[in-house]
Amino acid sequence: MNALLTVEDLSIGFRSEGKDVTVVRGVNFTLEAGQTLALVGESGSGKSVTSLGIMGLLPPPPQSRTSGRITLHGEKDTDLLTLPESHMRRVRGDRIAMIFQEPLTSLNPVHTVGAQIVEAIRSHRSMTRKAARTRAAQLIEQVGIPDAAARLGTYPHELSGGMRQRVMIAIALALEPDILIADEPTTALDVTVQAQIIDLLRRLQRDTGMAMLFITHDFGVVADVADRTIVMYAGEMVEEGSTRTVLSRPLMPYTSGLMSAVPKLETAGLKQGELQTIEGFVPDPANLPPGCSFHPRCRHMREGLCDVPPVPLEDAGAGHLVRCKRWQDLAEAET
Amino acid sequence: MTDDAPLIRTIDLKQHFPLRAGLLGRAKLTVKAVDGITIDIPRRSVLGLVGESGSGKSTFGRAVMGLEKPTSGTLEFDGIDMAQASPDQTKALRRRMQMVFQDPFSSLNPRMSVAETLGVPLRFHELELGPAGRRDRAAEMMERVGLPSAYIDRFPHEFSGGQRQRIGIARALIMEPDFVVCDEPISALDVSVQAQVVNLLNDLKTSMGLTMLFIAHDLSMVRYISDRMAVMYLGSLVEIGKASDVYFDPRHPYTEVLIASNPEPDPATERQRASTAIRGEIPSPVNVPAGCRFAGRCPKVMPVCHEQTPQLLPLLDEDRLVACHLYHQ
C-alpha cells in the first residue's frame, strides 16, 4: 500500500484573547489510496481543525500556528503546511476536496447549482462553458439527483438538505480528487437521508478509488464507512486501529465510554436509566489537566500514574495504538 | 379528575399555517404541519414523539404547550378544554406546563445569571417569595439538576453545552410543573453528555412525578426515556405503542425504515449489511399526497395506498396502533 497523505507530528494552535491555545497536539497518521479513515471525537477534540490544516484553510499566522509536516504523494515531497497559497489552491479541489456539515452555508445562494459546478470545473480546467455544463449534468446524475439537466437551473434554497449535500458532493468530485475530506457530512441530515448519502459516498469511492478522510462524532457512521479509525480527545489521538478492532475491542477507556453512552440494539435487555455516562465534560484547551487529558473523567484513573506526564501512544499490536498508561492491566482485568 | 384520566388529551388536533402565493397573495396554500392528531398522555408517563424534520413533531409540541392556537380540534389539560378555559384558569394551567428547548445556547438569555434566569418564573408565579427566597429556590434547583449552587451568579457563556441544558431543565422544573415538553433536548449535545442529560431527565421524572412529551429524531435515545412511543410522518401519526415494542418490533414500514437507517456502532453488522437506504425524502406539507402520506417512499407500497388514507387503528391482541393498509384490509 502506498501512502497518499502523510501527517507527521501535526500541531495547530490559535491566538485567542492574547493567549496561545494549542488545539491539535502531535497528530500522526497516513491515508492510503482507496481507504477510508475516520477521525472520531466530540466537539473540541481537534478533528475538524486537523482537516482544515490539511486543506490549508486555517487563518494565516499569527492568528494560527502550525508545526509538523503534511505530505501528499506526487507533490514532490513538499510540505502542504508551507506551500505557497497559489500552489495550495491547485491542490485544493484538484487533489483534495472537502464537503462540510451544512451544505446551505457552503453553497452560494445567488448562483444556480449548475453555475457553481461549472465554476468549480472551469477554475481548474480549461474547458468550454458548454463542455463544463455537460460535465456538470453528468456529475449531478452521478450523485443521484433525478432529472439532472433540469436541476442545473435550480438555486440552493429550492433543494432539500439531502439534495444540497449531493450538490456539494458533485462539486467536490468535479475535478476527480484523490482524497475527499468529509467533515460531518450527514450530521445535519435526517437518518433516512443520512443512510442515502453514506450509500452514495461508498458507491462513489468504489467507482473512483478515491481515499476518504471522514470526520464524525458518530460511531454508528464510523462502522458504516471506515476501514481505519482514529479517536481524538482534547486535541490528541487517543486510539487508532482498524475500525473492527477499535469498535469491538477498544482499549482506551474514553472510546469504550463513548460507545456505551450510545444505546445499541445489542443492549436490548438494558432497562431504562441504565445508560452509562461519562461524567464531566471535555476540558478547556487553554487549561488541560496534567498527564492523560481524560483522567479527570476516567473511572479507571489511578492517582500518581494517570496525572503524570508523559502519556505516550503505545502499540498494542497489529497497528492498534492506544494512549493510556493502564491499557495492559485493564485488558488483563477484562479477560 | 380521577387519577387514571390522561393528563393530556388531543382530539383530531390540527395546526395549519396559511401560505401566500401568487401575484396578489390570492392563491392561498396551506402548510398542514399537524394534521389531525388524537393521542393521550397518561399521568406520570413519558410519550416519545419521533419523526424526521418536517414531520410536524415540534409544531405538535408547541400546540400542546398552548403556544399556538390550534386550527381545529381539541386540546385538554387535566380534563379542561384549553379553548374554553377562562384567563385565570389558563394562567393557573400555564404554570403546570413547562418546556425544555433544543439549543441551550440560544434559549438562555446571555445577559442573565443563573440566579436571574431561574428567578423569572418565580417572580411571575410565586409573588410571596422575596429576592432571598427566590435565590434559595434557584440554588436548591441547581443542585437537583447536578449543577454546583456555587455557580449561581455565573452567566451562560461560562458553562458547557451540557451544563447549559441543565440550566434549561432547572428553569423548566423550578415551578414544579406537572407536564414538561422536551423538544430535542439532547440533539445539540456531545455524545458523552447526551446520556448524562437523558439519565437526569429520567431521575427527575421519577422523583417529581412528571408527565413528559419527549420529542426527538433519535429513536434509540427516545426508547430509553419513554413509556410509549409515537411515530409521526408529514403531520400525522403512523404508529403508537409501548416504546420498546415499537423499537424492537416496528410494524409500520416507515418506523421500520427509521430504525434500520440508524447506523449501529458494530462493524460486523454494518459494512456487510445490505443497503437500508430508501428512496426520496419527506414531501412538502403543502402538497400532502392523496392516500397514505408515506406511499411514495414505501418499500411495501400497494395500489390501495395511493387511493385510500389508512386510519390509525389498533392491531388485534396487541397494545399498538398502526395506520397502514398492510394490517387493516
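## Basis of the description

In this predicted model, local features need pLDDT of at least 70 and side-chain atom pairs count only at pLDDT 80 or more, while totals for chains, interfaces and linings use all residues. Residues are numbered from 1 along each chain as its sequence is written, and chains are lettered from A and ligands numbered from 1 in the order in which they are written.

## The two domains of chain A

Chain A is assigned domain 1 (1-95 + 177-335) and domain 2 (105-175), with bounds that come from an automatic or database domain assignment. Between the C-alpha centres of these two domains of chain A there are 30 Å. Twelve residues of domain 1 of chain A and eleven residues of domain 2 of chain A form the contact, where two residues count as in contact if their C-beta atoms, placed from the backbone, lie within 7 Å.

On the side of domain 1 of chain A that touches domain 2 of chain A, α2 (85-94) and α8 (191-208) of chain A each supply at least two residues, and the largest share, five residues, belongs to α8(A). Helices here are DSSP runs (H or I, at least four residues), numbered from the N terminus. This side of domain 1 of chain A has nine nonpolar, two polar and one charged residues; Ala, Val, Leu, Ile, Met, Phe, Trp, Tyr, Cys and Pro count as nonpolar, Asp, Glu, Lys and Arg as charged, and the others, Gly among them, as polar.

## Where chain A meets chain B

The contact between the chains takes 40 residues from chain A and 37 residues from chain B. On the side of chain A that touches chain B, the largest share, seven residues, comes from α8(A), and this side divides into 19 nonpolar, 15 polar and six charged residues.
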